[in-house]
Amino acid sequence: MGNSYAMLNGKLTDETLQSIELKRGENSYLYDNNDNQYIDLSSGLWNINVGYNKELNKNIKKSFSDILDNNLPYVDMTSYLHDMYNVTAKTLLDFIDNEIYKKVLFTNSGSESIELALKIVKLLTEENKKILSFSESYHGTYYGGMSISGLNRKLNKSHKVNSEFNINKPIPQNKEEEKEFLEFIKLNSNEINSVFVEPVIGSGGIKYGSLNFYNELLKNCQSNNIIVIFDEVATGFYRTGDKFFFKKLDYSPDIICMSKGLNNGTLPCGTVIINEKIKGKIKHIKSKHMSTQNGNILCQASIFETIKFYNKFNENFIDNVKEIEKITHELCNQFNIEYRNMGAMIALPIETGQVENILKILKKNGILSYRFITETQSGLSLFPHINIDTKLYKRVLKFILKTINKY
């Protein structure tokens, strides 16, 4: 008969990738109802950055209890004030540590963060101008995000998504392509109002440009009054080896979209961070974006405690992700396996017909990973927890690479 619930995940279904009924988690492991142990190399669809962590969850639980002991599970953000709003926003801005960012807007997901960023862009630009994004980018499943996502363009047609205002171009993979991309912006600067950047293509198989490319992109857009939005939903919170990808650069985007690692996946939440320039421009324009649970107090508490946890182990996380990257490079070269890697984001291209088979073999051996499928390539996606035991990661990656070579 199946379950009473369903998802719209390609089709109306209750089927899942791994078909495991979970009971509990511990560090980098998941346990099913039969107490079978699995290493989670998907970080819970890239949300659970620091694993199933007892210390963090204990802190979040205490904060939840303090709030619920006051019998205040919900506050209408449009009508009332609460100290958690400003405390959480200030904590996050301090964590970002860049004085140009002045305001935090709370959302319920990465998809909603993109939707809000698009609304801000539309407020500030002419109706007929275009939005530029990468061909294999993924920006969520709200209509706005679907309209600029290149990865699911065919699937999105089923929902009659309007992408007329969007320009898709492949993410540059070499100096010649970078030069062509930047030249395109210069030649079409009068027609482009904004660029939505997924700095490391996640769902499309871990692709990225050079740091010089992103610096030149930001510099050129600033000089041509083009708004730059970084979608750091997947890349944020140490996933690429820094707190955020943009921290690697000499220039900073106007808007940053966040979610996932923002509260280690505890409750649905996201944020949009805007700089001084954007804040000044939209301050006196009539606009509307508010859903009932924006600023949910329990979500605020989970963000606050997660950022505190990040601050406590900041250097450890940075060093550990560097070690993850080092191990990945060494082993993939040793086993002569094609790979793409940025921090704790790894793609292992595999023939499309073999992906499902390898996923099953890994699952049978207690290893859970994700997959990517594009029009040109498919393979395994590995998103280990940023604090995974690197000896464990090395041992598991060896097994994965041996399995790929075998099949």
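The model is predicted: local features need pLDDT of at least 70, side-chain atom pairs count only at pLDDT 80 or more, and totals for chains, interfaces and linings use all residues. Residues are numbered from 1 along each chain as its sequence is written, and side-chain values use heavy atoms, with hydrogens and water left out.

## The second largest pocket

Start with open space. The second largest pocket holds about 750 Å³. A pocket is an open set of points on a 1 Å grid over the protein atoms alone, with protein on both sides within 12 Å along at least five of seven lines. Its lining residues have an atom within 4 Å of a point. Grid points are joined across faces, edges and corners, and a volume is the space filled by probe spheres set on the points.

In the second largest pocket, 25 residues form the lining. Closest to the centre are Lys103, Val104, Leu105, Phe106 and Ile274. Four elements give at least two lining residues each: helix H3 (83-96), strand E6 (101-107), helix H4 (110-124) and helix H9 (276-282). Helices (H or I, at least four residues) and strands (E, at least two) are DSSP runs, numbered from the N terminus. By class, the lining of this pocket has 14 nonpolar, 4 polar and 7 charged residues. Here Ala, Val, Leu, Ile, Met, Phe, Trp, Tyr, Cys and Pro count as nonpolar, Asp, Glu, Lys and Arg as charged, and the others, Gly among them, as polar.

## The cavity

A cavity is a set of grid points where a 1.4 Å probe fits but cannot get out. The model has 1 cavity of 30 Å³ or more. The largest cavity has a volume of about 40 Å³. Its lining includes Phe106, Thr107, Asn108, Cys269 and Gln300. E6 and H10 each supply at least two residues of this lining. The largest share, 3 residues, comes from H10. The cavity lining has 5 nonpolar, 7 polar and no charged residues.

Asparagine 108 is one of the cavity-lining residues. It sits in the loop between E6 and H4. Its side chain makes a polar contact with the side chain of asparagine 294, at 3.5 Å. A polar contact is a pair of N or O atoms within 3.5 Å; within protein, one must be able to donate a hydrogen and the other to accept it, and residues adjacent in sequence count only if both atoms are side-chain atoms.

## Salt bridges

How many salt bridges are there? The count is 13. A salt bridge is a side-chain nitrogen of Lys or Arg within 4 Å of a carboxyl oxygen of Asp or Glu. The table gives some of these pairs.

| Pair | N to O distance |
|---|---|
| Lysine 312 and glutamate 55 | 2.6 Å |
| Lysine 169 and glutamate 180 | 3.3 Å |
| Lysine 248 and aspartate 242 | 2.7 Å |

Take lysine 312 and glutamate 55, which meet in a salt bridge. Lysine 312 lies in helix H10 (residues 297-312) and glutamate 55 in helix H2 (residues 54-68), so the pair ties together parts 257 residues apart in sequence. Lysine 312 is exposed, at 53% relative accessibility. Glutamate 55 is partly exposed, at 33%. Buried means under 20% relative accessible area, exposed over 50%, and partly exposed in between (1.4 Å probe, protein chains only).

Next, lysine 169 forms a salt bridge with glutamate 180. Lysine 169 lies in strand E8 (residues 166-169) and glutamate 180 in helix H7 (residues 175-187), so this pair ties together parts 11 residues apart in sequence. Lysine 169 is buried, at 13%, whereas glutamate 180 is partly exposed, at 41%.

Lysine 248 is partly exposed, at 24%. Aspartate 242 is also partly exposed, at 25%. Elsewhere, Arg24, Glu26 and Asp35 are linked in a network of salt bridges.

## Two loop residues

Histidine 385 lies in the loop between strand E17 (378-382) and helix H13 (390-406). Is histidine 385 buried or exposed? Histidine 385 counts as buried, at 0% relative accessibility. Its side chain reaches the backbone oxygen of isoleucine 48 at 3.5 Å.

Asparagine 36 lies in the loop between strand E4 (29-32) and strand E5 (37-40). Asparagine 36 is partly exposed, at 37%. Not counting residues up to four places away in sequence, asparagine 36 touches Leu30 and Tyr31; contact means heavy atoms within 4.5 Å.
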